[in-house]
Amino acid sequence: MKIILIGNAELKQDEKFGSLIDEFEVVVRINRYRVETFEENLGTKTNIWAMNRTLPFNRAAVPFDFQKEFKVRKKVSKDLEYALMISYMPNDNEYSKVSQSVQKVENLRLADTISQSKFVRDKWKILVTQPFYKPATGIVSILYFIEKYGEVYIHNFDNAKTNHYFETTSHMISQPQAAKHIWSFDEKMINELVRENKVKYLRDL
């Protein structure tokens, strides 16, 4: 089964992969993604909406009505089944606590990322020198779906080098550069996964 994760980097307008993306059996989109007006570049199919732990509880810097936004995306992407919170988990107790909160939210599930979180902590010491900081949704999602499917395709990831394709500079507080994530870790981790043939880029199909 082929799965693809679509990131939120600035679009290259000549990359019109919409039809190809929609042919994947499983399409995962992340956080505040949009497909309206970007169909030619990114397609419309969405099976899983991967998100961080702030959005469904409206705790992000920019307000977010999760249930309203879920209906908007479900209307565009009939294949959308649910939103899946994919978050770094420091321990089992944290996972249990978050799970209790997630169970109270309609259309939301929680991914068990205990093993991915431990993997990230171990790899951190090898790949970067900065003090540990929780990894971004994108890289945890990649690791999570590799465990489930063996390999994943990715598209439109650039490790925070550009703004989100669907936002203007008036929303800089929600741009990846404003986050505290250590993006060099994501880049090195993805490069390693590519070398191991666990991650493939859509453009190489």
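## Helix α6 and its surroundings

The axes of helix α6 and helix α7 (residues 183-195) cross at roughly 25 degrees and come within 10 Å. Angles under 35 degrees count as roughly parallel, and α6 and α7 are therefore roughly parallel to each other. Welcome to this predicted model; the points below start with that helix pair and then move on to a second pair and the nonpolar cores.

**α6 with α7**
- The crossing of α6 past α7 is left-handed.
- From α6, the residues Ile139, Ile142, Leu143 and Ile146 meet Asp186, Met189, Ile190 and Leu193 of α7.
- Of the residues in this contact of α6 with α7, 7 are nonpolar, none are polar and 1 is charged.

**α5 with α6**
- Helix α5 (residues 114-127) and α6 have axes that come within 9 Å and cross at roughly 120 degrees, which makes α5 oblique to α6.
- Here α5 passes α6 in a right-handed crossing.
- On the α5 side the contact uses Ser115, Gln116, Phe119 and Val120, and on the α6 side Leu143, Tyr144 and Glu147.
- The contact of α5 with α6 divides into 4 nonpolar, 2 polar and 1 charged residues.

**Nonpolar cores**
- The largest nonpolar core has 31 residues, and Ile142, Phe145 and Val152 have the most contacts inside it.
- Helix α6 (residues 137-149) gives the most to this core, with 7 residues.
- Beyond its neighbours within four places in sequence, Ile142 is in contact with Leu5, Val152, Ile154, Phe157, Ile190, Leu193 and Val199.
- There is also a second, separate core of 30 residues, with Met89, Val98, Leu108 and Leu202 among them.

Notes: Residues are numbered from 1 along each chain as its sequence is written. This is a predicted model: local features need pLDDT of at least 70, side-chain atom pairs count only at pLDDT 80 or more; totals for chains, interfaces and linings use all residues. Side-chain values use heavy atoms; hydrogens and water are left out. A nonpolar core is a set of buried Ala, Val, Leu, Ile, Met, Phe, Trp, Tyr and Cys residues joined through side-chain atoms within 4.5 Å. Buried means under 20% relative accessible area, exposed over 50%, partly exposed in between (1.4 Å probe, protein chains only). Helices (H or I, at least four residues) and strands (E, at least two) are DSSP runs, numbered from the N terminus. Contact means heavy atoms within 4.5 Å. Axes are lines fitted to C-alpha atoms, for helices over the stretch in contact, and angles run from 0 to 180 degrees between N-to-C directions. Angles under 35 degrees count as roughly parallel, over 145 as roughly antiparallel, 65 to 115 as roughly perpendicular and the rest as oblique. A crossing is left-handed if the near helix is turned anticlockwise from the far one by less than a right angle, and right-handed if clockwise. Ala, Val, Leu, Ile, Met, Phe, Trp, Tyr, Cys and Pro count as nonpolar, Asp, Glu, Lys and Arg as charged, and the others, Gly among them, as polar.
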